[in-house]
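Subject: Structure for your review

Dear colleague,

Please find below the sequence and structure that I am handing over to you. My notes on what was found follow directly after them.

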Amino acid sequence: MNIEWNCGAFRVGDFKLYDRGLAAPILFDEADFEVVRIVARHFAADVERVTGHIPDIAISPDHLSGHVVIAGTLGHSRWIDALVKDGKVVTADLIHLPESFVLQVVDNPFPDINTALVIAGSDRRGTAYGIFEVSKQIGVSPWYWWADVPTTRRECVIVRAGRQLTGPPAVRYRGIFINDEDWSLREWASITFAPEEAQGQKGFGPRTYEKIFELLLRLRANLLWPAMHPGTKPFNDYPENKILADRYAIIMGSSHCEQMLRNNVGEWDTTRDGDWNFVTNRERMIDYWAERVRENGRCENIYTLGLRGIHDDPMPGHESLEKRAARLTDVIEAQRNILREHVSANVQAVPQILCVYKEVLELYKAGMHLPPDVTIVFSDDNYGYITCLPSPQERAQYSKFGIYYHISYWGRPHDYLWLYSTPLALIWSEMRKAFDRGAADLWVVNVGGLKAHEIGMEYFLGMAWNANSWEADSPKHFLTEWAKREFGLSRPQEMADLLTEYFTLTFARKPEHMGWNKVYPETQNRLSEFSPTCYDDEAERYLERYAALVKQVDAIYDQLEAAKRDAFYQLVVYPVRCAALTAQKFLYAQKSQFYAAQGRSSAAFYAVLARQAFEAIQSETDYYNTQTAGGKWQHVISCRPRNLPVFAMPPTVDTPHPLKTAVGIVVEGAELPGSLAGEQGANHWLPSFNRFTQERHFFDIFNSGSAPVQWKAVPSAAWIHLSATEGLLELEQRIWINVDWESAPPGDNITGEIVVSGAGSSETLKFHVFNPAWPEVTGTQMIVESNGAVSVHGAHFTRCSSDERAVVQVIPGLGRSGEAVSILSAGEDDAEADFCVELEYRMVLFTPGSHLVHCYCLPTHPLYPGRGQRFTVLFNEEAGQTVDITANGGENDKVWQDNVLRGAAIASTRHRITAPGWHTLKIRILDPGLVIDQIVIDTGGLMPSYLGPPETISRKSQPAGMISGSSLVC
């Protein structure tokens, strides 16, 4: 439906929702579902938010005239059924669709009513979704309450004539899991929002859950796994909670470790109930589950089957895999007997799931038999990479599959509970892969404490509704439309680009992982792997990218009208600033240590910057809690969940190591300190300059004392350009060196020099200039060796070939490079079939010898048991070497831990290049599901860094590969 705000544009057949002080009344049937009554009242409040006038609500068309909104459910609303019977509303394409709705402008629906906006739902949720769809179209954000997004006041609201059918959803059950709520939602609800519901124990009562249920309906979700952490009062300890959920048409379930709607950690008392052991305490456990089903069985539920520990722990017992699988089968049959007795004798019609999560996945893979009507719910590895998907054989045996996904997590190798940082492109890549392979019955996303995860939550649920049409460019499209809807930005694409860059930076290292430490066992912070000297000072480049984001965000914030700033602060400013500040805290602290060892007096300056960043995080969090929305969100955000070491202030060094002179010098890539007096072991050779890549390099001149010092730098030739040639040195100065390639002499080993002097001493810096006549630079992509290394994004391949059963897709916004290439099969028979895709990277190498090739892939898992994540690496026509990036050791596997923390699984192979010239690197993918992010070749000069060297592509050529978001059947 199209909305028009200018009443002067009204045309015959349009519907006036509001015009000059008059709001169209809302008609529903009082015999319809309770959720229709509830949502109709919410809609009336939404109209008031937009117009300043609240419409009347009626249960009969008598005495109504003019323009009327008519909302109801097919078969449950006499007003809707009458319109259908009279042929005024067409529902032939709606009647058999679940959770769907029609919006239609109808002339003369009833006597005295000129025009109606009819909202007809196929069922109770369909009607609710339809009403809230109109709310969204007239400008009410789903986050109007949860993120304080304001509405724009309108003097007129017209709905254009027409009809809109929406639905059915792509995924049947779509919901969230509120989890790890200890430092966020639970504190806010119990202390700030509804303290009366937290008497005796903190928790969420009906006042809090009503807000959650409303939000879920506005986002077209239908399922909730409630909060269940130790210290949180169980959901069913509030008798009103389940009643309220049913009134809102929200289906209740329970998490992977909370079977049969129970909250074990809060409801099972070992003193009263005995051991949590199905072998020794079978009858009590069956009674315990049956009690809850008797209480809640009349409501709409999805029952989690199976057995784990009391909380998120393995099932008790140390028997063999086969015995544990047999016990789990026995447990499931006992639970289904409870459902037969208390819910329906036709147990196959009762929604049930088994989450094959953690150790349960191991039992499932061992061949455990399940009833065919049970939905098998696979999971990601807690870091966004799905661990397993149903094979074609499983899809033939079982009919229903789902996914439990994380955008927040507490556990090994390290929590990420504070800031939202999962790239939407990663959600799309993994969930579309799952959807295309049959996991379309249930999607649940772990949103932690909900606040701070708004963007990821809405994207996930939106994709669940419409997964079959959301493509690789959907994250950028979603963020653009989201920025337009929430803030009315005139250039919303800029906000989409900004947030995409934010996700790229946080994918490279989540803020919670910047301490380079782990949990279980908890380790202390250590220095990052970001280099403070190599590749243009990699650490500083990372900080500069964050600083650019903060500058853009702050500029937008300053330009926004005051009413929109609270929402913008919560959704954008706080996460961007705090992620940037966390990077500053650690990398400036690291610089203070590194520079002190070099003898720089600026070490104390960076120590101060690190402490200021630490204090600013506390200030930003205090502002969020106490100032936004007038203190509405007090206690909802903690910047130190679980008080882990990463949230503490890292060590700094204020006092530098003494040098022989007052002036020191260090060149890019050097580790050892140097001075103008020729410090022992100092390296004064800069990286070389390459005609093709035309990179710049730097040297730092620094003060090791307290008094300012004059300095001067003189290049040996006019084609050597310096950003500064003299000055008064107080702390330090970075001098950038560029080569004027129009004037530089030809040759492949030209030497340049720069004489740096100060404090009565001088030193000569040297570098090579690589300016050969061959090869000729063309306009097409030219990957070249530079400074002993080659670097290219996986998406920038030169050529792709396969057996025509593969889909090669460049996914924008994915990976540490910001653009990764995914390789999947074109059909559904990719479990056992041979699979081969070859990506070629044509490049120029200048150094013969034995070279290492490092392939940076996303740490994805094999699609199915029995497959891997294999690929063969070869140069030219050699036989090649096959590697597999699969990490098989579970959450205790150090390889897997390192992979997910850095967002990359790195496979290395060695190859011999016999002569300089053009060469073709081939990556032959043998398993579907592989995602290649970056390729780095060490030809003898690769320097230590975290992200690897920037791409070594000729500056005068364009990257090859495919258009971002496009797919290709090779």
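Helices (H or I, at least four residues) and strands (E, at least two) are DSSP runs, numbered from the N terminus. Please bear in mind throughout that the model is predicted.

I begin with the second largest pocket, which has a volume of about 1100 Å³. Five elements each supply at least two residues of its lining: helix 3 (124–137), strand 10 (163–166), helix 5, helix 14 (454–466) and helix 15 (474–487). Helix 15 gives the most, with nine residues. The lining comprises 38 residues, and K136, E458, E481, W482 and R485 lie nearest the centre of this pocket. By class, the lining of the second largest pocket has 14 nonpolar, 11 polar and 13 charged residues.

The largest pocket holds about 1200 Å³ of space. Its lining consists of 48 residues, with K358, E359, N382, G890 and E891 nearest its centre. Helix 11 (359–365) and strand 17 (401–406) each supply at least two of the lining residues, and helix 11 gives the most, with four residues. The lining of the largest pocket divides into 18 nonpolar, 17 polar and 13 charged residues.

Helix 5 spans residues 206–218 and helix 6 spans residues 239–247; their axes are 9 Å apart and meet at an angle of about 20°. Helix 5 is therefore roughly parallel to helix 6, as angles under 35 degrees count as roughly parallel. The crossing of helix 5 with helix 6 is right-handed. P206, Y209, E210 and F213 of helix 5 make the contact with E240, N241, L244 and A245 of helix 6. By class, five of these residues are nonpolar, one is polar and two are charged.

The largest cavity has a volume of about 190 Å³. This cavity is lined by 24 residues, and P226, F235, N236, G253 and L261 are the closest to its centre. Helix 6 and helix 9 (282–296) each supply at least two residues of the lining of the largest cavity, and the largest share, three residues, comes from helix 6. The lining of the largest cavity has 10 nonpolar, seven polar and seven charged residues.

Yours sincerely

Note on methods: Residues are numbered from 1 along each chain as its sequence is written. This is a predicted model: local features need pLDDT of at least 70, side-chain atom pairs count only at pLDDT 80 or more; totals for chains, interfaces and linings use all residues. Side-chain values use heavy atoms; hydrogens and water are left out. Axes are lines fitted to C-alpha atoms, for helices over the stretch in contact, and angles run from 0 to 180 degrees between N-to-C directions. Angles under 35 degrees count as roughly parallel, over 145 as roughly antiparallel, 65 to 115 as roughly perpendicular and the rest as oblique. A crossing is left-handed if the near helix is turned anticlockwise from the far one by less than a right angle, and right-handed if clockwise. Contact means heavy atoms within 4.5 Å. Ala, Val, Leu, Ile, Met, Phe, Trp, Tyr, Cys and Pro count as nonpolar, Asp, Glu, Lys and Arg as charged, and the others, Gly among them, as polar. On a 1 Å grid over the protein atoms alone, a cavity is a set of points where a 1.4 Å probe fits but cannot get out, and a pocket is an open set with protein on both sides within 12 Å along at least five of seven lines; lining residues have an atom within 4 Å of a point. Grid points are joined across faces, edges and corners, and a volume is the space filled by probe spheres set on the points.
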